[in-house]
Amino acid sequence: MASIFKREFRAYFHTPLGYVIIAVAYFFTGYYFFTYNLYGATTDFTNLYGLLFPVVLFLVPVLTMRLMSEEKRSKTDQLLLTAPVSRVGIVLGKYFSAVCVFLIAISGTLIDAVITSFYGAVDWPCVIGNFLGLVLLGLALIAICLFLSSITESQVIAAVLGFAVSLFLMLVDAISLVVKSAFFRAFFEYISFKERYNPFTLGVVELQNVIFFISIAALFCVITTAQLERKRWN
Amino acid sequence: MIVVKDLVKKYGDKTAIDGISFSIKSGEIVGLLGLNGAGKSTTMNCLTGYIAPTSGSIIIDGNDLLKDPDKAKKVIGYLPEVFSFYPDMRVVEYLDFICDLKGYTKNKQARKEHIEEICRQVGIYELRGRMIRNLSKGYKQRVGFAQALIGHPKVLILDEPTVGLDPSQIIEIRQLIRDSGKESTVIVSSHILSEIQTICDRVIVIHDGHIAADGSPKHLEEALGNANEVNIRVRGAHADIDRVIRATGAVRRYSRLQPQEDGCEDYIIVGKDGVDVREKLFRGFAQAGIPLLQIYGKEASLENIFLRLTGKNEKAGDK
């Protein structure tokens with residue numbers, strides 16, 4: 001797993017992809033930090049984190065689109081799958097490399113909070129809660145998009161599918177408002193990422209929401225591994 | 001070193017390999033020979049653990065590939081038919097990554113020396129700092145060969161290692177394979193008969209998902225090629241030559257070919273079983289004082305061998 005992680009993490013910075021993703025995340029973080037915190041003269045970071053939610057939804061598919069699909073297209077997966085590395089190791093190595101780049105990308109928010117703390121009282125539990133929420137959202141989304149990358153040979157299709165899933169996750173709230181059936185409304189509210197994410201933005205860390213995001217991440221890592229395994233048996 | 005038993009692989013309704021069994025001793029260089037689609041790539045893919053067989057077992061160096069894949073794969077060095085690489089990596093970085101993958105020593109100095117030794121061995125030492133994507137096809141193939149050699153594998157599996165290379169590169173790669181055979185058990189697949197003949201101690205011919213023949217190249221040639229069929233060129237008149245050929249008593253059938261040189265005649269001759277027709281012809285023409293300019297055995301083409309193996313070419317007029 002460590003070998004795959006090392007290679008994939010380096011690959012992000014051998015190409016412009018890692019830099020672009022981090023730059024875009026820093027740009028939006030900086031922009032919201034300037035408009036809400038500096039211009040609005042507040043130490044409240046809730047708005048900044050709230051606005052980063054859609055940014056993350058669109059950055060993650062780009063972050064993961066290459067991971068599995070490119071190996072399939074260029075047939076480099078043949079060497080990986082014949083190397084003495086388990087399929088779980090391959091998936092987790094790739095997964096954590098994307099997670100690390102993601103963490104670097106969103107770390108700008110913490111830097112902003114530290115800077116702000118020199119000039120005013122920062123509500124640290126709220127900032128940490130928000131940051132944790134963003135991390136968990138990332139963990140779940142990266143796993144979903146990694147799976148989407150494993151079912152196609154095209155990076156573009158992987159990214160488009162990722163965007164579609166991200167958009168759907170944003171729309172789920174709206175659907176739950178118009179659905180009449182109590183069961184489906186409850187279902188859509190249950191799977192709504194926004195509903196799960198919102199408590200974090202208030203600095204409230206609920207265990208069930210933490211478990212929800214981690215379960216989604218674990219589930220999709222397992223499905224991606226099964227997808228690799230399936231190829232071996234078919 | 002390798003024991004394969006009743007290997008079956010089905011893709012849906014199609015059976016790619018159907019009950020293949022063989023065992024390979026340590027240090028053997030074995031050629032897997034077969035036409036495209038015969039099942040040799042499927043066999044190799046099963047041996048490397050890339051795909052799982054529908055049934056059967058594969059034991060490599062005492063480890064069951066299906067039950068304990070990581071242990072079994074550790075002793076294998078594999079060069080796929082299409083060697084793919086990461087375009088963003090340099091040769092040394094790539095080989096270092098393969099060391100990581102195979103879990104070959106964490107000691108940096110030992111690893112560096114190992115990589116450099118392999119680079120020298122395959123002739124890419126000077127190019128080790130270059131991006132792989134910028135290398136020529138022949139050098140890329142050598143990088144592929146180098147990665148297969150990482151970690152001193154006990155078993156080397158090479159899938160069509162010379163495809164797409166120019167003649168001098170082919171000779172070099174063949175030499176590399178022969179050299180590797182001194183340290184490892186080697187399995188090479190090819191659809192070029194002469195290649196297998198020059199490299200391998202033993203040949204396994206796969207046809208239609210079955211093993212059609214298994215033996216040394218010489219055995220294969222004798223059993224499947226037509227060793228008693230020769231082409232000759234003789235200086236003289238057809239009538240005289242005809243008389244000598246008949247007088248040898250060793251010729252089953254012969255036919256006259258289009259003359260290629262002035263004053264000469266060309267023939268294709270099939271000898272009787274159990275007689276070396278070459279010697280009889282030589283003596284016959286020598287006694288008659290007719291110069292025999294050329295005599296050469298007709299090489300059995302893979303196609304012919306396959307047709308023979310599958311019993312499809314017993315053309316009535318051929319023998």
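Analyst: In this predicted model, helix H1 (residues 2-14) of chain A packs with helix H3 (residues 46-74) of chain A at an angle of about 120°, and their axes lie 12 Å apart. Helices (H or I, at least four residues) and strands (E, at least two) are DSSP runs, numbered from the N terminus. An axis is a line fitted to C-alpha atoms, for helices over the stretch in contact, and angles run from 0 to 180 degrees between N-to-C directions. H1(A) and H3(A) are therefore oblique to each other; angles under 35 degrees count as roughly parallel, over 145 as roughly antiparallel, 65 to 115 as roughly perpendicular and the rest as oblique.

Residues are numbered from 1 along each chain as its sequence is written, while chains are lettered from A and ligands numbered from 1 in the order in which they are written. Local features need pLDDT of at least 70 and side-chain atom pairs count only at pLDDT 80 or more, whereas totals for chains, interfaces and linings use all residues; side-chain values use heavy atoms, with hydrogens and water left out.

H1(A) passes H3(A) in a right-handed crossing. A crossing is right-handed if the near helix is turned clockwise from the far one by less than a right angle, and left-handed if anticlockwise. From H1(A), the residues A:Arg7, A:Glu8, A:Ala11 and A:Tyr12 meet A:Leu63, A:Arg66, A:Leu67 and A:Glu71 of H3(A), where contact means heavy atoms within 4.5 Å. By class, this contact has four nonpolar, no polar and four charged residues. Here Ala, Val, Leu, Ile, Met, Phe, Trp, Tyr, Cys and Pro count as nonpolar, Asp, Glu, Lys and Arg as charged, and the others, Gly among them, as polar.

A second pair in chain A may be set beside this one. The axes of helix H7 (residues 124-150) and helix H8 (residues 155-178) of chain A come within 9 Å and cross at roughly 140°, which makes H7(A) oblique to H8(A). H7(A) passes H8(A) in a right-handed crossing. Among the residues in contact are A:Leu141 and A:Ile144 of H7(A) and A:Leu161 and A:Val165 of H8(A). The contact of H7(A) with H8(A) has eight nonpolar, three polar and no charged residues.

Two strands pair if DSSP finds at least two bridges between them. Strand E1 (residues 2-11) and strand E4 (residues 55-60) of chain B are joined by five bridges, and B:Val3 has B:Ile59 as its bridge partner in E4(B).

Strand E3 (residues 29-33) of chain B has five of its five residues buried, so the rest of the structure largely encloses it. Buried means under 20% relative accessible area, exposed over 50%, and partly exposed in between (1.4 Å probe, protein chains only). E3(B) pairs in the parallel sense with strand E8 (residues 185-190) of chain B over five bridges, and four bridges join E3(B) to strand E9 (residues 202-207) of chain B, also running parallel.
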